[in-house]
Amino acid sequence: MRDADGFSVGSCTGTIVLPRVVLTAAHCLDEEVRAVRVWPGTGPEILAQSFVHYPNYRFNVSGFDVGLIFMAEDLPRTPVPVLFSRDARVGEAAILAGWGRDENSDTTSLRAGSTTVSAVTTAFLQTPYAPPSSSVCSGDSGGPILLSEGGRWAIGGITSATSSTACNEGTNYFSAVRNPAVRAFILEHAPGIGQQ
């Protein structure tokens with residue numbers, strides 16, 4: 001993300017949900033952000049055509065932490081479907097993925113790890129950090145929590161926050177994509193999205 005002067009104001013993770021659309025967190029697209037560049041893991045960064053976040057999201061206060069980034073050209077990755085057919089289940093296995101920093105503060109590798117859903121509300125999914133479960137860290141915001149449905153992985157939530165400043169403790173929070181307002185926002189702006 002870049003500000004009006006072209007300076008970096010952070011980095012986040014996103015998931016390609018259509019060839020030209022990336023799903024991410026609203027807080028990744030805060031008031032300072034004027035331009036977004038997407039890096040698909042290889043090659044150069046690609047300047048986004050536009051972006052939008054949930055209209056009632058209030059930065060650093062509360063709201064639905066969901067945003068979409070729109071590209072002028074197809075991205076070189078297979079889109080991931082969104083799980084709109086059911087809620088996550090407490091005790092369900094899940095996969096976290098993101099470009100966030102690791103124990104060495106490295107942010108150049110896409111990592112994934114398994115965890116277990118510990119709570120489900122209409123707004124959030126939660127997972128604990130409790131070894132051997134995976135956790136999220138700075139830079140993972142906007143990434144997916146993936147749930148299995150019909151033998152296929154689908155996005156059940158969007159990485160939003162943690163309850164601790166440390167990455168190896170606390171609770172992870174994911175904005176629930178099945179929330180009626182979040183689902184309506186996604187479908188309004190990306191009507192052709194793959195659904196599970």
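Residues are classed as buried under 20% relative accessible area, exposed over 50%, and partly exposed in between (1.4 Å probe, protein chains only). The structure is a predicted model, in which local features need pLDDT of at least 70, side-chain atom pairs count only at pLDDT 80 or more, and totals for chains, interfaces and linings use all residues. Residues are numbered from 1 along each chain as its sequence is written, and side-chain values use heavy atoms, with hydrogens and water left out.

Salt bridges were examined next. A salt bridge is defined as a side-chain nitrogen of Lys or Arg within 4 Å of a carboxyl oxygen of Asp or Glu. By this rule, the model contains five salt bridges.

One of them pairs aspartate 74 with arginine 20, at an N to O distance of 2.8 Å. This pair links distant parts of the chain, 54 residues apart. Aspartate 74 sits in the loop between β6 (67–70) and β7, and arginine 20 in the loop between β1 and β2 (21–24). Strands are DSSP runs (E, at least two residues), numbered from the N terminus. Aspartate 74 is partly exposed, at 46% relative accessibility. Arginine 20 is also partly exposed, with a relative accessible area of 39%.

Arginine 2 forms a salt bridge with glutamate 45, and the closest N and O atoms are 3.9 Å apart. Arginine 2 belongs to the segment before β1, while glutamate 45 lies in the loop between β3 (37–38) and β4 (46–47), so the bridge ties together parts 43 residues apart in sequence. Arginine 2 is partly exposed at 26%. Glutamate 45 is partly exposed at 42%.

Arginine 86 and glutamate 92 form a salt bridge whose closest N and O atoms are 2.6 Å apart. Arginine 86 is buried, with a relative accessible area of 10%. Glutamate 92 is buried as well, at 12%. Salt bridges with shared partners join Arg86, Glu92 and Glu149 into one network.

Threonine 15 is found in strand β1 (residues 15–18). Its relative accessible area is 8%, so threonine 15 counts as buried. Contact means heavy atoms within 4.5 Å. Beyond residues up to four places away in sequence, threonine 15 touches Val21, Val22, Leu23, Val80, Gly143, Pro144 and Ile155.

Alanine 94 lies in strand β7 (residues 93–98). Alanine 94 is buried, at 1% relative accessibility. The C-alpha atoms of alanine 94 and alanine 154 are separated by 10.0 Å, and the two residues are 60 residues apart along the chain.

Methods:
Helix = DSSP H or I, 4+ residues; strand = E, 2+ residues; numbered from the N terminus.
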